[in-house]
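Here is my note on the model, as numbered points. Please read it with the structure open.

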Amino acid sequence: MTRGVAGHSSPGSVIRVHPLTVRITHWINVAAVFMMAASGWRIYNASPLFPFTFPRDITLGGWLAGALQWHFAAMWLLVGNGLIYVAYGIISGHYRRSFLPISLNSLLRAFADTLHGRLSHAVGEYNALQRMAYLGIIAMVILVVLSGLVIWKPVQFQTLGALMGDYPGARLVHFFSMAAIVLFVVIHVVMVLLVPRTFVPMWTGRARKPL
Amino acid sequence: MKRRPGIEANPVECTRQEIRFLERRLLLKGALSVGALSLLSGCDITDEETVHKVLWNMSRWNDRVQMALFDPRRLAPTYAESAVTRPFPFNAYYRESEAPVVDGDSFRLELSGLIRDRRPWSLAELNSLPQATQITRHVCVEGWSAIGKWSGVPFRTFLERVGADLNASYVGFKCADDYYTSIDMATALHPQTQLTLRFEDRTLPRSYGFPMKLRIPTKLGFKNPKHIMAIYVTNVYPGGYWEDKGYNWFAGL
């Protein structure tokens, strides 16, 4: 039904699971997301949308102007790196091979399998839930960037802003897409902690098929 | 969402915070050392000064990007009278009760720099110039926004009337509360940039900048100086009160 990056290979053999471009952009993205989130929380604290603020110790920039400087510097890293990653994913066929096809049926089946404790975890191949999570996080980063553009330039990008409910609406979109990204990161890291053998391949790109 | 400028905005407070958070930021940078900073700056991550320099340079770069993004003919959205935020928030680096008191009768707006006719202007003279009204959104650098109704002289009309050098780079403002800021000429000539004399059809109240403010719906709130006493045109970068402390200079919307 699906083809993994590795194609068909015998048990015990070492296969390439993560292309070099994906590995490089992944780790740059880790740094970029960290800087964007930590400085963004500091900016949020200057005028909270909700009745809470982020603890200062986990924010970046020291004060509002410093946080804004970090945010508007790191945005180039996030967007530049993200564009390289998406362009590579589309052109190389990485997305098509790794994330597609995805169907409601396959998602429901994967969900049922999870409940029964038999969700498949083939090396070099993503199950339907993983596919949805990875496509979803790409969509969320695109949304956080678009809403960020509207907040940064509500006059120049007012057509895009109108789709999000003007400047105040874009702030909400920006906040909730940030929250979705942070939620993804937490789950993602917990998953790696639960299955530590997935960590090293994200650096080396190689994994051994279980015997 | 009442904002006392105190915590985030008070300059003395900021300096104290800076010191207080220096240690923390060094810690954070330690956590960032996984290539993040070196990728961003290509320099020694242990050097606090270098990090600051990189961030400032990125802010200057963002000035240029914003100048390119700025469309001098694109208008900021305007709103219905019913959308006006009431009460409109007061915002400054001091409390509302500390807003400067300016005597309107003796007030004379001073002009200097690259301007042909530099004679001072009284409020009556300014009121006799063509007037325009706008209902636009004021966006604060802190994130909040509010819709207000401002009336006054289109700034372009005023600059043309006094024979300002419209090819100069900057227009600078000095205010009665020791605030100062400056804007690019393209924004100064934008059709909605306004030398504001009235708020909600009444004489501009003291809290909102009597005797006059500059209303720029294409820039963040701190680029809208209140209590303007002097205007000058120059090709030398004049900076600004918050800009010199680290806020982005162009700050366009």
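1. Start with the buried side of helix α4 of chain B. Val51(B), Leu55(B), Met58(B), Ser59(B), Asn62(B) and Gln66(B) are buried in α4(B). Here a residue is buried if 20 or more other C-beta atoms lie within 10 Å of its own, exposed if 12 or fewer, and partly exposed in between, with C-beta atoms placed from the backbone. The face turned away from the buried side carries exposed Glu49(B), Asn57(B), Arg60(B), Arg64(B) and Ala68(B).

2. The model is predicted: local features need pLDDT of at least 70, side-chain atom pairs count only at pLDDT 80 or more, and totals for chains, interfaces and linings use all residues. Residues are numbered from 1 along each chain as its sequence is written, while chains are lettered from A and ligands numbered from 1 in the order in which they are written.

3. The length of α4(B) is as expected. The helix covers residues 48-69, 22 residues in all, and spans 31 Å from first to last C-alpha, close to the 32 Å expected at 1.5 Å a residue. The expected span is 1.5 Å times one less than the number of residues. Helices (H or I, at least four residues) and strands (E, at least two) are DSSP runs, numbered from the N terminus.

4. Next, the open sheet of chain B. Its four strands are ordered β1-β9-β4-β5, with mixed pairing. Strands pair if DSSP finds at least two bridges between them. β1 (110-113) and β5 (180-184) are the edge strands, each pairing on one side only. The twist averages 20 degrees from one strand to the next. Inside chain B, β4 (residues 170-175) and β9 (residues 228-234) are antiparallel over six bridges. Cys175(B) has Ile228(B) as its bridge partner in β9(B).

5. Then the hairpin. Strands β2 (residues 132-139) and β3 (residues 145-154) of chain B run antiparallel and are joined by eight bridges. Arg137(B) is bridged to Ile147(B) in β3(B). Five residues lie between the strands, and Gly143(B) in this hairpin takes a positive phi near 125 degrees.

6. Is Trp150(B) buried or exposed? Trp150(B) sits in strand β3 of chain B. It is buried, because 26 other C-beta atoms lie within 10 Å. Beyond neighbours within four places in sequence, Trp150(B) is in contact with Gln134(B), Gln194(B), Thr196(B), Phe199(B) and Arg215(B). Contact means C-beta atoms, placed from the backbone, within 7 Å. Asp201(B) is 51 residues from Trp150(B) in sequence, yet 7.6 Å away, C-alpha to C-alpha.

7. Asn167(B) lies in the loop between α6 (155-161) and β4 of chain B. Asn167(B) counts as exposed because it has 9 C-beta neighbours inside 10 Å.

8. Last, chain A. It has eight helices and two strands, in the order β-α-α-α-α-α-α-α-α-β from the N terminus. Of its 211 residues, 30% count as buried. The axes of α4 (residues 104-115) and α5 (residues 128-152) of chain A come within 8 Å and cross at roughly 115 degrees. Ser106(A), Leu107(A), Arg109(A), Ala110(A), Phe111(A) and Thr114(A) of α4(A) meet Ala128(A), Leu129(A) and Met132(A) of α5(A). Axes are lines fitted to C-alpha atoms, for helices over the stretch in contact, with angles from 0 to 180 degrees between N-to-C directions.

Conventions
Two residues are in contact if their C-beta atoms, placed from the backbone, lie within 7 Å.
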